[in-house]
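Please read the following walk through the model with the coordinates open beside the text. The account begins with a working definition and then moves from strands to cores and salt bridges.

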Amino acid sequence: MGLTKKIMCAIMYIERKFKFKGVIMKLFSLDKVQTDIKFIKTGIPVFDSYYRGAPVGKLVSIFGAEDAGKSTLGWYWIVAFQTAFPEKNILFLDYEKKLDPNYLKIIGVDFERFLYADVNTIEEGLELARARMKKENDLSLLTLSLVQAQTKKSVGTLKMLMLV
C-alpha cells in the first residue's frame, strides 16, 4: 500500500471516529482555512512582531510555568482590546484570586469597561459569560485567569478566550 493510500485511510478513520468530515485536510486544500484573521497590537513589541498581536475572535490558550507572565500578558491584552473596541466591555473571570487593581490601573485598564467576576468553577464562569453575551452582547474579550478551574472542578490550563 502506497503512502498516499495509507494517509487517506488514516484520514477516513479519524473522520469516522470523530464524526467530523474535514477535520484533517491536505496542505494544498488550505483554501478552506480562515486566513483573514484580524490581530490587535498588544503594546508588547516582541510579542507583536513575532505573533502579529492578539487574534480577534479566536480561542487562545497561554501555557507556562508559575510566575512566567501569563496573567500579565492577559492584562496587556485587556488594554489592547479596550483600545481597539471602545464600545465593548471586558469580562475577567478570576479563579486564582490574584487580581491586582493597582497594577491594572498603572498599565491603563479602563475600569468603566472592566467587568470582574470572582468564580469558583469554569462552569460558573462560562455560564455567567453566556448570560452576559445573550443579554448585552457587549464583550470584546473574555479573560480567564485559572489554573485548576478549567474542567469540572478539577485540573485545567486554559488562559484566554477571545470572543470578538
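Helices are DSSP runs of H or I with at least four residues, strands are DSSP runs of E with at least two, and both are numbered from the N terminus. This is a predicted model, in which local features need pLDDT of at least 70 and side-chain atom pairs count only at pLDDT 80 or more, while totals for chains, interfaces and linings use all residues. Residues are numbered from 1 along each chain as its sequence is written, and side-chain values use heavy atoms, with hydrogens and water left out.

Six of its six residues are buried, so β4 is largely enclosed by the rest of the structure; here buried means under 20% relative accessible area, exposed means over 50%, and partly exposed lies in between, for a 1.4 Å probe and protein chains only. From β4, the residues N89, L91 and L93 point one way and I90, F92 and D94 the other way, and all are buried.

Strand β4 has pairing partners, where two strands pair if DSSP finds at least two bridges between them. With strand β6 (residues 139-145) β4 pairs in the parallel sense over six bridges, and L91 stands opposite L142 in β6. With strand β5 (residues 114-118) the pairing is likewise parallel, over five bridges, and the bridge partner of L93 in β5 is A117. Between β4 and β5 the chain passes through helix α4 (residues 101-107), and this β-α-β crossover is right-handed, in the sense that, with the strands pointing away from the viewer, the path from the first strand over the helix to the second runs clockwise.

The next topic is the packing of nonpolar side chains. A nonpolar core is a set of buried Ala, Val, Leu, Ile, Met, Phe, Trp, Tyr and Cys residues joined through side-chain atoms within 4.5 Å. The largest such core has 21 residues, and those with the most contacts inside it are W77, I78, F81, V109 and F114. The elements that give two or more residues to this core are α3 (70-84), β4 and α4, and the largest share, seven residues, comes from α3. A second, separate core of ten residues includes L91, Y95, A117 and V119.

Helix α3 deserves a separate look. Eleven of the 15 residues of α3 are buried, so this helix is largely enclosed by the rest of the structure; among the buried ones are L73, W75, W77, I78 and F81. Residue I78 touches I90, F92, V109, F114, L141 and T143, not counting residues up to four places away in sequence, with contact meaning heavy atoms within 4.5 Å.

Finally, the structure holds three salt bridges, each defined as a side-chain nitrogen of Lys or Arg within 4 Å of a carboxyl oxygen of Asp or Glu. In one of them R113 is joined to D110, with the closest N and O atoms 3.0 Å apart; R113 counts as buried because its relative accessibility is 15%, whereas D110, at 27%, counts as partly exposed. E127 forms a salt bridge with R130, the closest N and O atoms being 2.6 Å apart, and because these residues are three apart in helix α5 (residues 122-135), E127 and R130 are separated by about one helical turn. E127 is partly exposed at 43% relative accessibility, and R130 is partly exposed at 47%. D138 forms a salt bridge with R132 at 2.5 Å between the closest N and O atoms; D138 counts as buried at 12% relative accessibility, while R132 is partly exposed at 26%.
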